[in-house]
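Here's a quick briefing to read alongside the model. Have the sequence open as you go through the points.

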Amino acid sequence: MDKDIDRYSITGRIGEGAHGLVLKAIHIPTGKKVALKKLLLKSLDEGIPINVMREIKTLQHINCKYVSV
């Protein structure tokens, strides 16, 4: 999956969770429909919250063709 956000066109919002938004998008070069998760970090003065770090770590360990980190 392409990690350059400029290559995606946001087409809508799927939902919101505890840590961020899930957005509908189209990968411009391929035309594929995808879901993107945008993490919402309110303040980085104290660093990244541990619950957000856990979610990122979990997503990094998922071995699935539908998840790319």
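The chain has a mean pLDDT of 85, with 96% of its residues at 70 or more; pLDDT is the predictor's confidence in each residue, from 0 to 100. This is a predicted model, so local features need pLDDT of at least 70 and side-chain atom pairs count only at pLDDT 80 or more, while totals for chains, interfaces and linings use all residues. Residues are numbered from 1 along each chain as its sequence is written, and side-chain values use heavy atoms, leaving out hydrogens and water.

**Confidence**
- Strand β1 (residues 8-16) has the highest confidence, at 94, and helix α1 (residues 50-61) the lowest, at a mean of 86.
- Helices (H or I, at least four residues) and strands (E, at least two) are DSSP runs, numbered from the N terminus.

- Three strands make an open sheet in the order β1-β2-β3, with antiparallel pairing.
- β1 and β3 are the edge strands, each pairing on one side only.
- From one strand to the next, the twist averages 30°; axes here are lines fitted to C-alpha atoms (for helices over the stretch in contact), and angles run from 0 to 180 degrees between N-to-C directions.
- Two strands count as paired if DSSP finds at least two bridges between them.

**β1 with β2**
- β1 and β2 pair in the antiparallel sense over seven bridges, and they form a hairpin with three residues between them.
- Gly15 has Val22 in β2 as its bridge partner, and Glu16 stands opposite Leu21 in β2.

**β2 with β3**
- Strand β2 (residues 20-27) pairs with strand β3 (residues 32-39) over eight bridges, again in the antiparallel sense.
- Ile26 has Lys33 in β3 as its bridge partner.
- This hairpin has four residues between its strands, and Gly31 in the turn has a positive phi of about 80°.

**Second largest pocket**
- Its volume is about 160 Å³, taken as the space filled by probe spheres set on grid points joined across faces, edges and corners.
- A pocket is an open set of points on a 1 Å grid over the protein atoms alone, where a 1.4 Å probe fits, with protein on both sides within 12 Å along at least five of seven lines; lining residues have an atom within 4 Å of a point.
- Among the lining residues are Glu16, His19, Leu40, Lys42, Pro49 and Val52.
- The lining divides into five nonpolar, five polar and two charged residues, where Ala, Val, Leu, Ile, Met, Phe, Trp, Tyr, Cys and Pro count as nonpolar, Asp, Glu, Lys and Arg as charged, and the others, Gly among them, as polar.
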